[in-house]
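Morning, everyone. Please have a look at the chain on the screen. I'll go from the whole chain down to single residues.

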Amino acid sequence: MFQPALTMNTVLACVDAHGHPSAVCDGATWVAHRLHAPLNFLQVVDESEAHTGETHFSDLTGYDASPTRTQALDAMPGSHIIGGQSHSQQLLEGVRARALHLGHSMVELSLRQGKLTDALLDLSAETRMVVMGLHSHHLDSPWRQGSHHLEQALQAVQQPMLVVTRSHFTPPSAFALAYHGGAESLQLVDAVADCELLQGLPCHLVHVGARNPDIQAEMSQAAQRLADAGFSTHIVIESGEVAQVLGRHLTIQQLPLLVMSAFTHNGWRQKLLGTTTSTLLRRIPTSVLVLR
């Protein structure tokens, strides 16, 4: 029976035919390459949502459905009772072929039936980072089933999570860090300083709010902490609506990645996220890395 050769260092990429699978594949492959880690593509089919209709994978290049690999997927526990299993197999084969084409050889596949959060928790001991995509139609709708899954996943997992929000993933050459101030933001700075994934990338330390001596002193302290860890840092303080200011800065500076904390201060989190995480993801034009 085929079993993924997982380790505690594994990058777990959750793929979905409607969630920009090629971009998720590219983002997960970039993460795995930076971390020198094996990559496991996970497809979870909820029986209540399983379908047998046509699914399109036109954005997956390099797809080659190996009969041997398909048989291995057939052997996975529970896979034989999934109504849409052939589509799941095609999707997994497509992202695997794409990752191999991108030069990452340590690739495994997992096909499961049930709830996404259950699978994430079941694999948590072997997972170093999670990568997920946002459904394309969620850019227009704040609350649909896939967005609900993303919300649940963000709440359930303890590992860092990269959320790929668009149909194309750009490997970042720099990133922005959403800095709201206080002890939690300093903890986020410590997490970034220790994050192997971000090492060597310039950081834009962005605070949305009033400029005052206290926040300037705190951000200078944060910038020094990052400098000590080898990061070049640019401090930005700008007033305005949080998501709007962050989105504008990311666009103007052509930064393809926003880093934020999973433990952001409630008031700032409300301004940044609105009522659901999808509110932020619709308004931020880049991928988002959520650190713990």
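A contact here means heavy atoms within 4.5 Å. Keep that in mind for the next number. Take the contacts between residues at least 6 apart in sequence: 83% of them join residues at least 24 apart.

One caution before we go on. This is a predicted model.

Now the overall inventory. The chain has 10 helices and 10 strands. Of its 292 residues, 54% are buried. The accessible surface is about 12,700 Å². Carbon and sulfur atoms account for 50% of that surface.

Next, the aromatics. How many aromatic pairs does the structure hold? It holds 2.

Start with Trp30 and Phe169. Their ring centres are 5.8 Å apart, with the planes at 45 degrees. Planes under 30 degrees apart would be stacked and over 60 edge-to-face, so this pair falls into the tilted class. Now find the two residues in the chain. Trp30 is in helix α1, residues 21-35. Phe169 is in the loop between β5 and β6. They are 139 residues apart, so look for a link between distant parts of the chain. Both Trp30 and Phe169 are buried.

Then there is Phe175 with Phe231. This pair is edge-to-face. The distance is 6.2 Å centre to centre, and the planes make 85 degrees. Phe175 sits in strand β6, while Phe231 is in the loop between α7 and β8, so the pair ties together parts 56 residues apart in sequence. Are these two buried or exposed? Phe175 has a relative accessible area of 0%, so it is buried. Phe231 comes in at 4%, and the cut-off is under 20%, so Phe231 is buried too.

On to helix α8, residues 242-252. Its buried residues include Val242, Val245, Leu246, His249 and Leu250. Why might such spacing turn up in a helix? An α-helix has 3.6 residues a turn, so residues three or four places apart point the same way.

After α8 comes Gln254, and its phi is positive, near 55 degrees. Most residues other than glycine have a negative phi. Gln254 lies in the loop between α8 and β9. At 69% relative accessible area, Gln254 is exposed.

His36 also has a positive phi, near 55 degrees. Look for His36 in the loop between α1 and β2. Its relative accessibility is 60%, and the cut-off for exposed is over 50%, so His36 counts as exposed.

That's the tour. Questions, please.

Notes. Residues are numbered from 1 along each chain as its sequence is written. This is a predicted model: local features need pLDDT of at least 70, side-chain atom pairs count only at pLDDT 80 or more; totals for chains, interfaces and linings use all residues. Side-chain values use heavy atoms; hydrogens and water are left out. Helices (H or I, at least four residues) and strands (E, at least two) are DSSP runs, numbered from the N terminus. Buried means under 20% relative accessible area, exposed over 50%, partly exposed in between (1.4 Å probe, protein chains only). Accessible areas come from the Shrake-Rupley method with a 1.4 Å probe; for residues, only the protein chains shown count as cover. Rings of Phe, Tyr and Trp (its six-membered ring) pair if their centres lie within 6.5 Å; planes under 30 degrees apart count as stacked, over 60 as edge-to-face and the rest as tilted.
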